[in-house]
Amino acid sequence: MKPLFIAGSVVTVVFLDLGIISERWLRHAGQLVPNKGKFDKGCAGASIFFAIAGAAGLILLSCFDTLRHPKLHDGFLALFM
């Protein structure tokens, strides 16, 4: 079951990141309401950065279980959250 859980986590991460990146691309292409200023653009960049960091945390969280790697699991849980 663990490989299936890891695969499900990876699929979740891929679609989450694609959704956030596509939102930014659609704003840039003019399909969504454009950003009002530099603050909005900075928040969009920060959301992409934190989505990728959280994605890495989720993938690593699913790989390192609490039985064999309790400290790593807790660290990746904090990164994901």
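These exercises work through helix packing and aromatic pairs in a predicted model.

**Exercise 1. Classify the packing of α1 against α2, and list the residues in contact.**

Step 1. Take the geometry. α1 and α2 pack at an angle of about 175°. Their axes are 9 Å apart.

Step 2. Apply the cut-off. Angles over 145 degrees count as roughly antiparallel. α1 and α2 are therefore roughly antiparallel to each other.

Step 3. Find the contact residues. α1 contributes Lys 2, Phe 5, Ile 6, Ser 9, Val 10, Thr 12, Val 13, Asp 17, Ile 20, Ile 21 and Arg 24. α2 contributes Lys 41, Ala 44, Ser 47, Ile 48, Ala 51, Ile 52, Ala 55, Leu 58, Ile 59, Ser 62 and Cys 63.

Step 4. Sort them by class. The contact of α1 with α2 has 14 nonpolar, four polar and four charged residues.

**Exercise 2. Describe how α2 packs on α3, including the handedness of the crossing.**

Step 1. Locate the helices. α2 covers residues 38–63, and α3 covers residues 70–80.

Step 2. Read the geometry. The angle is about 150°, and the axes are 7 Å apart. That makes α2 roughly antiparallel to α3.

Step 3. α2 and α3 cross in a left-handed sense.

Step 4. Name the contact residues. From α2 come Ala 53, Gly 54, Gly 57, Leu 58, Leu 60 and Leu 61. From α3 come His 73, Phe 76, Leu 77, Leu 79 and Phe 80.

Step 5. Sort them by class. The contact of α2 with α3 holds eight nonpolar and three polar residues, with no charged ones.

**Exercise 3. Find the aromatic pairs in the whole structure and assign each a geometry.**

Step 1. Count them. The search finds two aromatic pairs.

Step 2. Take Phe 49 and Phe 50. Their centres are 5.2 Å apart, with 70° between the planes. This pair is edge-to-face. Both Phe 49 and Phe 50 are exposed.

Step 3. Take Phe 64 and Phe 76. Their ring centres are 5.6 Å apart and their planes lie at 25°, so the pair is stacked.

Step 4. Phe 64 lies in the loop between α2 and α3, and Phe 76 in helix α3, so the pair ties together parts twelve residues apart in sequence.

Step 5. Check accessibility. Phe 64 is partly exposed, at 24% relative accessibility. Phe 76 is buried, at 17%.

Definitions and conventions
Residues are numbered from 1 along each chain as its sequence is written. This is a predicted model: local features need pLDDT of at least 70, side-chain atom pairs count only at pLDDT 80 or more; totals for chains, interfaces and linings use all residues. Side-chain values use heavy atoms; hydrogens and water are left out. Axes are lines fitted to C-alpha atoms, for helices over the stretch in contact, and angles run from 0 to 180 degrees between N-to-C directions. Helices (H or I, at least four residues) and strands (E, at least two) are DSSP runs, numbered from the N terminus. Angles under 35 degrees count as roughly parallel, over 145 as roughly antiparallel, 65 to 115 as roughly perpendicular and the rest as oblique. A crossing is left-handed if the near helix is turned anticlockwise from the far one by less than a right angle, and right-handed if clockwise. Contact means heavy atoms within 4.5 Å. Ala, Val, Leu, Ile, Met, Phe, Trp, Tyr, Cys and Pro count as nonpolar, Asp, Glu, Lys and Arg as charged, and the others, Gly among them, as polar. Rings of Phe, Tyr and Trp (its six-membered ring) pair if their centres lie within 6.5 Å; planes under 30 degrees apart count as stacked, over 60 as edge-to-face and the rest as tilted. Buried means under 20% relative accessible area, exposed over 50%, partly exposed in between (1.4 Å probe, protein chains only).
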